[in-house]
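This report describes selected helices, single residues and the ligand site of one model. The sequence and structure come first.

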Amino acid sequence: MVLNTEFRADPEWAEAQDAADPLQALRHEFLVPPHGDGEQTYLVGNSLGLQPRGVRQALLDELDDWARLGVEGHLHARHPWLPYHAEVRNGLAAVVGAEPVEVVAMNSLTVNLHLLLVSFYRPTSDRHAILIERHAFPSDRDLASSQIRYHGYDPAQALIELDPDEPGGALSMSAIERALVEHGKSIALVLLPGVQYLTGQAFDLAAITRLAHAQGCMVGFDLAHAAGNLDLALHDAGCDFAAWCSYKYLNAGPGAVAGAFVHARHARAKLPRFEGWWGRNEETRFQMQPAFDPAAGADAWQLSNPPILALAPLRVSLDLFQRAGGMTSLRAKSRRLTAYLAWLIETRLADKLEILTPSAPDRRGAQLSVRVRAGRDAGKSLFDHLVAQGVLGDWREPDVMRIAPTPLYNSFADCLRYATAVQAWPGIR
Ligand SMILES: *Cc1c(COP(=O)(O)O)cnc(C)c1O
């Protein structure tokens with residue numbers, strides 16, 4: 001139970017917090033879906049972030065430049081297409097705490113993880129296991145299993161799934177450490193999330209990296225739920241690689257172009273890699289020589305020229321992160337927002353909901369995962385009741401509701417509206 005003398009469960013208090021919030025103006029940069037005469041209480045930015053207002057014009061500009069310039073848009077568009085992926089590089093690097101050479105926007109998340117595993121999962125007969133968490137997102141489990149099979153090993157033996165050991169389903173650092181001490185010499189790759197999608201647990205990337213490297217394992221992170229949520233410091237954490245999607249906290253739209261990180265220590269390393277012309281050194285790419293001359297850093301993993309219409313929203317969205325003052329300022333607001341939501345649940349809704357996400361602020365991001373005490377059918381009934389009230393969270397089978405007040409566009413008033421709507425739920429009848 002969180003004892004907190006600061007928070008109040010009344011609308012005046014919540015509105016006063018919002019009025020004093022230096023980031024409040026950013027909410028108006030987003031299109032919040034309507035509900036009745038008002039707006040939804042949108043607490044599902046962990047699943048699909050809202051559309052930044054500037055996206056529509058950015059797309060129209062690209063369509064106009066294409067109409068006006070044809071092929072010459074590669075060099076003469078307002079945002080020239082040829083180096084377009086470089087326009088998002090600094091913004092992406094800032095959001096994940098990387099050096100510019102370490103990041104690239106390309107493909108989608110699962111594709112990027114496969115491409116990175118080609119380089120960083122190099123199994124040998126003594127060392128071919130991949131360590132993931134039990135209840136990993138299905139795509140992560142699929143990609144790890146299929147990579148194991150692709151190399152001729154058997155996932156039944158080579159995919160190690162770490163069981164949660166804390167109430168609520170979180171995984172302690174000591175459990176990770178024990179697994180690495182016990183199996184480390186047979187593990188080729190540790191592949192864990194930055195924030196676990198189901199429990200909302202945030203992991204200590206630097207600590208996991210140290211433990212994994214001490215055993216000689218490669219280590220990579222799936223940051224689907226961490227990018228744009230946590231104040232990441234990927235370079236300092238020292239992991240070998242990471243990848244994330246951009247449609248969750250990064251608000252770049254459905255199926256948006258994903259990101260990838262390769263640590264600077266590998267920037268010029270000779271690594272096995274699936275290659276394509278966009279991974280070539282820019283200086284020599286258009287000389288059409290037979291030999292692959294790789295670009296330095298993460299760019300070398302690119303295969304194709306970038307999808308401009310899909311990248312434009314990411315460029316707009318990253319500008320908003322910069323305007324917010326970066327992840328440090330967003331994270332400061334996020335901690336208070338999520339603490340407020342947790343306090344409301346624990347003090348007002350404890351008879352109905354149980355929080356599964358760790359309570360320590362460093363062990364969670366924006367998202368809280370809650371279980372409905374009355375069971376799965378009640379949970380779905382509560383979820384439907386909330387949707388009818390215009391309060392959007394999301395539902396993960398079998399019995400978890402996820403709610404994520406995101407600091408770019410959510411407010412204290414949104415958290416209070418959620419609590420009020422849950423209180424108004426009549427239960428199953
Ligand atoms: C959202 C999510 C994905 C989605 O993968 P796509 O390739 O973008 O479809 C994968 N893994 C995790 C952990 C996710 O949360």
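On helix α5 (residues 89-96), the exposed residues Asn-90 and Ala-94 sit on the face turned away from the buried side. Here exposed means over 50% relative accessible area, buried under 20% and partly exposed in between, with a 1.4 Å probe and protein chains only. Helices (H or I, at least four residues) and strands (E, at least two) are DSSP runs, numbered from the N terminus. This is a predicted model, in which local features need pLDDT of at least 70 and side-chain atom pairs count only at pLDDT 80 or more, while totals for chains, interfaces and linings use all residues. Residues are numbered from 1 along each chain as its sequence is written, and side-chain values use heavy atoms, with hydrogens and water left out.

The buried residues of α5 are Arg-89, Leu-92, Ala-93, Val-95 and Val-96. Seen down the axis, these buried residues fall within an arc of 165°, so they line one face of α5. The arc is taken over the directions from the helix axis to the C-beta atoms. Cover for the buried residues of α5 includes α4, β6 (103-105), α11 (234-237), β11 (241-244), α12 and α13 (326-348). Contact means heavy atoms within 4.5 Å. Just after α5, Gly-97 has a positive phi of about 70°.

Helix α2 (residues 55-69) has 15 residues and reaches 21 Å from its first C-alpha to its last, close to the 21 Å expected at 1.5 Å a residue. The expected span is 1.5 Å times one less than the number of residues in the helix. Val-55, Ala-58, Glu-62, Asp-65 and Leu-69 are the buried residues of α2. They cover an arc of only 90° around the axis, which puts them on the same side of α2. Arg-56, Ala-67 and Arg-68 are exposed on the other side of α2. The buried residues of α2 pack against β5 (51-52), α3 (73-76), α4 (84-87) and α12 (308-323).

Helix α14 (residues 376-388) has 13 residues, which should span 18 Å at 1.5 Å a residue; its end C-alpha atoms are 18 Å apart, which agrees. Its buried residues are Ala-378, Gly-379, Leu-382, Phe-383, His-385 and Leu-386. They cover an arc of only 160° around the axis, which puts them on the same side of α14. The face turned away from that buried side carries the exposed residues Asp-377 and Ala-388. Among the elements covering the buried residues of α14 are β13 (353-355), β14 (368-372) and α15 (412-423). Just after α14, Gly-390 takes a positive phi of about 80°.

Thr-209 is found in helix α10 (residues 205-214) and is buried, with a relative accessible area of 2%. Leaving out residues up to four places away in sequence, Thr-209 touches Val-219, Phe-221, Ala-237, Gly-238 and Cys-239. Thr-209 and Gly-238 are 29 residues apart along the chain, and their C-alpha atoms are separated by 6.6 Å.

Phe-261 is found in strand β12 (residues 259-262) and counts as buried at 0% relative accessibility. Leaving aside its neighbours within four places in sequence, Phe-261 is in contact with residues including Ala-98, Glu-102, Val-103, Leu-234, Cys-239 and Trp-244.

Gln-17 belongs to helix α1 (residues 11-19) and counts as buried at 18% relative accessibility. Beyond its neighbours within four places in sequence, Gln-17 is in contact with Glu-6, Arg-336 and Phe-412. A polar contact of 2.9 Å joins the side chains of Gln-17 and Arg-336. A polar contact is a pair of N or O atoms within 3.5 Å; within protein, one must be able to donate a hydrogen and the other to accept it, and residues adjacent in sequence count only if both atoms are side-chain atoms.

| Residue | Ligand atom | Distance |
|---|---|---|
| Thr-110 | oxygen | 2.6 Å |
| Asp-222 | nitrogen | 3.1 Å |
| Lys-248 | oxygen | 2.6 Å |

The protein covers 82% of the 390 Å² of accessible area that the ligand has on its own. Accessible areas come from the Shrake-Rupley method with a 1.4 Å probe, and for residues only the protein chains shown count as cover.
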